[in-house]
Amino acid sequence: MFANKNLQFAAAASAGAPPSVEYLVVAGGGGGGGARGGGGGAGGYRTASGFSVTSGSAITVTVGAGGAGATVGSFSSDPNAFGTTGSNSVFSTITSNGGGGGAIGWSGVVSTGKSGGSGGGGGDNYGGGSGTAGQGNAGGLGPNNGGGGGGGASSAGGSNPSTGGSGSSSSISGSSVTYAGGGGGSNDGNTGAAGGSGGGGSSASPGNPGTANTGGGGGGGQTNGNLGGNGGSGVVIIRYSDTYGPATSTTGSPSVTVSGGFRIYRWTGSGSITF
C-alpha cells in the first residue's frame, strides 16, 4: 500500500515541468549573389542538450527569415547585386546568426562574400565571408568570372566546383534531417554548382532558393543577367523526456509530437513556450 503511494507520488512529480531541454536552433540562410554570383551561406546551426528552463517563465522563440537573393542581375556596383544576409533565430539566450549573402561574380567591384552563421561565397577571385565559430563555415573563394559556394554547417563552400558547403544532420525531430547547407555558386560564369546537403539552393538561371525551414543558402545566379536565389528560413526545435508534462502554454503554433520517449516542439514561425 505504501509502495503504491510512493509510486503514485513519483509519477506525479515527474509529470511536472522538465528541468532542462535539448534544442536545435537554425537561422535563416543568406541570399545568393547575382550575375555569376556566389552562393548564400547557411544559417547558423546550434544544438545541445541540458539547457535549463524555469517553470512559469515564458521563453522567447524567434525563427529567422531567409535573406533575399540579389535583385540586380547585371554587373553593377549596386548593393542589390549582392545577396542579403539571413535573419537570426533565437531560443531563450541561444542565438544562431543568419547566413551571409553571396557576392556578385564580377571583378569591377570588391566582391567579398558577407559573413554570418556561415559565410556567403565570394566573387571573381575574392574570398568568401567568414562563418561564426560553433555555427558554420566560411564561403568559398570566387573563381575567375564566377562565385564561390556558400559555407555550410559542416564544411566550407567550394571554389570551381563552387558547390555549397555541407550541412549537419540532427534527429531531434524524431528522424534524421540535414540542415544548414550552403548555396551553390557559379563555377566559371557558364555552369552552376549544386547546393550543399541540408537545403542549399543550386546555382542556376536564376539561382534556386534554399529550402524553407532548413536554413539553406540561396544559389548564385549562373550567368550575367541572372538573379540570386533567396535563402531558406530557419527552424527552432526542442525536446525533453515525455515523463514530464506538456508545456502550460505556447504561442507561434508549434507542431507538437510525442515520439521515441520525447515531447517535441517545432517552430517554423516565432512564438514562445512556458512550462
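Biologist: In the hairpin of strand 10 and strand 11, which residue takes a positive phi?

Modeller: Gly260 does, with a phi near 60 degrees, and the hairpin has two residues between its strands. Bear in mind that this is a predicted model.

Biologist: How do you know that strand 10 and strand 11 pair?

Modeller: Pairing calls for at least two bridges. Strand 10 and strand 11 are joined by five bridges in the antiparallel sense, so they meet the definition. One of the bridges links Val258 to Arg263 in strand 11.

Biologist: What makes strand 1 and strand 8 a pair?

Modeller: Strand 1 (residues 20–26) and strand 8 (residues 235–241) share five bridges, and the definition asks for at least two, so they count as paired. The sense is antiparallel. Val26 is bridged to Val235, and Val25 to Val236.

Biologist: In what order do the five strands of the open sheet come?

Modeller: The order is 2-1-8-11-10, with antiparallel pairing.

Biologist: Why are strand 2 and strand 10 said to stand at the edges?

Modeller: Strand 2 (45–52) and strand 10 (255–259) each have a single partner strand, so one side of each has no neighbour in the sheet. From one strand to the next, the twist averages 15 degrees.

Biologist: Why is strand 8 described as largely enclosed?

Modeller: Six of its seven residues are buried, so the rest of the structure largely encloses strand 8. Buried here means under 20% relative accessible area.

Biologist: Which residues touch the most other members of the largest nonpolar core?

Modeller: They are Phe91, Ile238, Trp267, Ile273 and Phe275, in a core of 18 residues. Strand 1, strand 3 (59–62), strand 8 and strand 11 each supply at least two residues of this core. There is also a second, separate core of 11 residues, which includes Leu24, Tyr45, Ala153 and Ala180.

Biologist: Which residues is Ile273 in contact with, leaving aside neighbours within four places in sequence?

Modeller: Among them are Phe91, Ile238 and Trp267. Ile273 also contacts Ser57, Ala58 and Ile59, as well as Ala247 and Tyr265.

Biologist: Why is Ser168 called buried?

Modeller: Its relative accessible area is 14%. The cut-off for buried is under 20%, so Ser168 qualifies. Ser168 is found in strand 6 (residues 168–170).

Biologist: What makes the link between Ser168 and Ser154 a polar contact?

Modeller: Their side chains are joined at 2.6 Å, and the limit for such a pair of N or O atoms is 3.5 Å. Leaving aside neighbours within four places in sequence, Ser168 is also in contact with Tyr45, Ala153, Val177, Thr178 and Tyr179.

Biologist: Why does Thr85 count as partly exposed?

Modeller: Thr85 has 31% relative accessibility. Buried would need under 20% and exposed over 50%, so Thr85 falls in between. Its place is in the loop between strand 3 and strand 4 (89–91).

Biologist: Where does Ser115 lie relative to Thr85?

Modeller: The two are 30 residues apart along the chain, with their C-alpha atoms separated by 8.0 Å. Ser115 is one of the residues in contact with Thr85, and others include Gly67, Gly98 and Lys114.

Note on methods
Residues numbered from 1 in each chain as written. Predicted model: local features only at pLDDT ≥ 70, side-chain atom pairs only at ≥ 80, totals over all residues. Heavy atoms only, no water. Helix = DSSP H or I, 4+ residues; strand = E, 2+ residues; numbered from the N terminus. Axes fitted to C-alpha atoms, helices over the stretch in contact; angles between N-to-C directions. Buried < 20%, exposed > 50% of the residue type's maximum accessible area, 1.4 Å probe, protein only. Polar contact = N/O pair within 3.5 Å; in protein donor to acceptor, adjacent residues only side chain to side chain. Contact = heavy atoms within 4.5 Å. Core = buried A, V, L, I, M, F, W, Y, C linked by side-chain atoms within 4.5 Å.
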